[in-house]
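Let's take a look at one chain and pick out a few of its parts. Have the sequence and the 3D view ready.

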Protein chains: 2
Amino acid sequence: MSMTRRNFLMRVGQAGGYSATFATMQALGIMPMKAQVVKPIEAQAGVGKGVSVVVAGGGVAGLVTAYELRKLGYKVTLLEARSRPGGRNWSARNGTTVEFIDGTKQQCTWEPGHYQNLGPGRLPSVHTTILGYCRELNVPLEVEINTSRSSLLQNDAVYGGKPVVQRKALNDARGHVSELLAKSIKGGALDTDLTKEDKDRMLSFLRTYGPLGFDGKYHGSDRAGIKQYPGAGSQTMQIEEPLDMHSLLDANFWSGILYEEAWDWQATMMQPVGGMDRIPYAFARELDKTKTIIYNAPVTSFKRTGANKGVEVTYMQNGKEQVIKADYMVNAMPLPIIKKMKNDLSAPYKAAIDGATYANSYKLAWESNRFWEKEYNIYGGLTFRAPGPTTVIWYPSANLMADKGILCTGYEDELNWGWEKLTLEEKFATAKKQLEKVHPGHSQELTKPIICMWRHIPYNEGSWIRSYGGGDAGYNTLIQPDGPIFFAGDHTTHVVGWQEGASQSGRRAAEMVSERVKSARMAGHYAPVEA
Amino acid sequence: MSMTRRNFLMRVGQAGGYSATFATMQALGIMPMKAQVVKPIEAQAGVGKGVSVVVAGGGVAGLVTAYELRKLGYKVTLLEARSRPGGRNWSARNGTTVEFIDGTKQQCTWEPGHYQNLGPGRLPSVHTTILGYCRELNVPLEVEINTSRSSLLQNDAVYGGKPVVQRKALNDARGHVSELLAKSIKGGALDTDLTKEDKDRMLSFLRTYGPLGFDGKYHGSDRAGIKQYPGAGSQTMQIEEPLDMHSLLDANFWSGILYEEAWDWQATMMQPVGGMDRIPYAFARELDKTKTIIYNAPVTSFKRTGANKGVEVTYMQNGKEQVIKADYMVNAMPLPIIKKMKNDLSAPYKAAIDGATYANSYKLAWESNRFWEKEYNIYGGLTFRAPGPTTVIWYPSANLMADKGILCTGYEDELNWGWEKLTLEEKFATAKKQLEKVHPGHSQELTKPIICMWRHIPYNEGSWIRSYGGGDAGYNTLIQPDGPIFFAGDHTTHVVGWQEGASQSGRRAAEMVSERVKSARMAGHYAPVEA
């Protein structure tokens, strides 16, 4: 998706001053990104006085929108279909009911303190907006272990299906690459590309990077695997032999070893202590102080009552249809839900929404003894296996060394690998069978499965957006308001599927509403802001 | 240091049974290492009944020795020179006094909850012995963040002294290596080494590993750095240009980027919640139930009273010399301390001890605002800089996002870089000046420095062993008993400077004492064990 830049930075630059310069310097990569303290959004203090906004949808985007609009003095009503805030930011724990559209219900009976984040599960340290809100709202964070060198890779087609420890795959690959490059350089293959000095520098680097022996070859290293740990007395370290390069380079195999360097999967990552839903509950606590949120209030229709100002939103409450009027609406509901709703959106908006497709991610989690810690030294991190279904085993980062914990043994799209054709019981049996390939003998310890398939969850009907009706044009439509109706949600950002996107979209919506209000005031459509 | 193997595994094998087979399979790398549950040591239950042992030194080695001997029924007295257990496992916090041999005193007045581990600060997940004790003694653990892609590298001689984010150095290096290898392969340089299929596999791997563009070149990637984060609306991601290879390969620069793959520095690493000294205090709590530890009891001399059995140990208590007699002694004091003590060790032992040299590591820590989190997105991990002094900045893993924390800005040998020639005030000023190169403007936030230089700490006089009198022969001497006197400590292992070594040495000492007792009983030197 390529788009011209909205140029937030230029707008900041026009405002001038220190923060502008600072932002520019950041953009040039000269200074590190500022983190973790949410800056006031770009709008005049008190701009919202006397202006009303309905926010539809209490996921992270809607919560941030409402929270920021409240700060600016707007009269805000947030309509949330469910009895809880957070949308996809949902943590299953004792007492949670996961109910599908077809009425299938799962009741979570895990031990108190155990939870599984059914939606987002990670906060990268580079996601400074959502982290900033965690700081502002005092949400305690702990490390989410995204990388563990002890976690595994398993592919039915390679190494006879035997799992390989990630430290081995990753460091043996590096060793083989280093050996081959050193050999090429010594053989003169890069003489026209590199100066004598750079060849020497690179060879010296590769000796440590590989690491390579004095003979220029890779013979394994402690990084990749130790068959006898060093110990007391005469117990010396004994290094494992490297994996053979041919199998290691099987494309079926290595894809799993490269995930950890993606910018939003790099260490350090975090999670709220006690479950990801601590974030929406922290927003809700603030908003409840002003009774901003109406729960159990699914929106049924919305329409404009003026060209640039004025909306009428209907919603259900206690079995009765209610109507609320406001100056503006911020539509922070998922597109599959908006699509089914009576509305008077303009044609390009309807096209973008009606033609949108969504991913259908699911998560499957169990309560289990922590065999992965006791038997495998695995503390957090992810094991990757193939072929699917159930290509991921995600080990918990919380409560290390407790007796039991929650293990996620499936996280992918339900339309892959024929997963959607299986009954729930077949899914659970399949997941256990696949786990046996990685952790033989341990599937019997998996108990009390909970599966959340977002395609089947009311008020979501999908996990995250995959494409827009009309493609890029559809996206460019949705990021602009349709008269008095603005859009928010990770689907209005380039950070799809992350709370960072949702929260940035909420801030942007609050800014855009405020720009509109400012313009309208300048055009005389509003009474002046009270002193 | 190359030594023949004491062959612990073979001994296990002789005992036979499941555990033996399992251990052998582990040694062959077939099964993952068992973790985290300390197995009973190899000795008969109750073997110690009626046998007395004095353990000298209440560091981790001495604590484990005493703890395991107690389990086996021995009558154990642990003599500890200080008023606290743990030896080098020492955490400074409010109320701690760091006193040097010359009488210099530093009083720690940090806020409650703040601490700095002055000795060991990390528990690798592969250190299964010490982790096993944490589990057994219910020491709560949390993640110690050893790797953060947002931490920095800084070298006065490279890039004009400007710090570089580790994600950039690491991933740009990988990109350059991949590009050069891909070019070599395409140019035919490895045609005699690789089959056509393996060349294709490697090229395909390098495209993702680099990652490389369609042109086979490395153009930077999100892994290495983003100059504009993706955001809401039209804010797309913009990738930074790669660092030039010539500077990146400056040997002064890259050494810091490779630390994280060392087997005992790999993720996941852990730390006790509240400070590393929670471990020795947990052992002490158990041992205090049987009043095993005598604190404030520095040993002043020891001697044998029989060839294979019988020791007499003198120590000070309340200003008076006390004598204790026992069947055996386990000497778990640092060698520089044993060296100064009157003793009747045999000549080879004296030579090994008297000729031993120790490293002189220090740690320097401050209480500070958490500017590294707020301004740099750095949550834990280490920054490396050069040249020294103060080549390491170690960011805290505990209490992420709190306002203040403890920052370690120096951890290296005090005899490097002329550090030992500086007064304390000069050391603090130098550390601040060096920090300015990495975090300009922030040295003023560093307050209340505490420095622990182990060479100057009574009852230690060094940080960890560097060499033995007589070299390997000296080591081989010390790992065997001198008549009734056995040795424990990380200096009797191949895991020097780690609690894993200390705890393995304690287990081994308990095993060796028990083997001796068993032999003596078989030779009729003991009454039979009571039923």
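## Ground rules

This is a predicted model, where local features need pLDDT of at least 70 and side-chain atom pairs count only at pLDDT 80 or more, while totals for chains, interfaces and linings use all residues. Residues are numbered from 1 along each chain as its sequence is written, chains are lettered from A and ligands numbered from 1 in the order in which they are written, and side-chain values use heavy atoms, leaving out hydrogens and water.

## Two packed helices

Two packed helices are described by the angle between their axes and the distance between the axes. Here, α3 (residues 60-71) and α15 (residues 499-522) of chain A pack at about 40 degrees, with axes 7 Å apart. Axes are lines fitted to C-alpha atoms, for helices over the stretch in contact, and angles run from 0 to 180 degrees between N-to-C directions. Helices (H or I, at least four residues) and strands (E, at least two) are DSSP runs, numbered from the N terminus.

Who touches whom? Contact means heavy atoms within 4.5 Å. Among the residues making it are A:Val64 and A:Leu69 of α3(A), and A:Ala502 and A:Val513 of α15(A).

## A four-stranded sheet

In chain A, an open sheet of 4 strands runs in the order β17-β16-β15-β19, with mixed pairing. Two strands pair if DSSP finds at least two bridges between them. The edge strands, pairing on one side only, are β17 (320-326) and β19 (342-343) of chain A.

Strand β15 (residues 299-304) of chain A runs parallel to β19(A), joined by 2 bridges. A:Ser301 sits opposite A:Lys342 of β19(A).

## What the record says

An unreviewed UniProt entry puts "domain: Amine oxidase" at residues 60-512 of chain A. UniProt positions are given in the numbering used here, feature names are shortened, and annotations may be inferred rather than shown by experiment. Over that stretch, the chain is 29% helix and 24% strand, with its end C-alpha atoms 18 Å apart.
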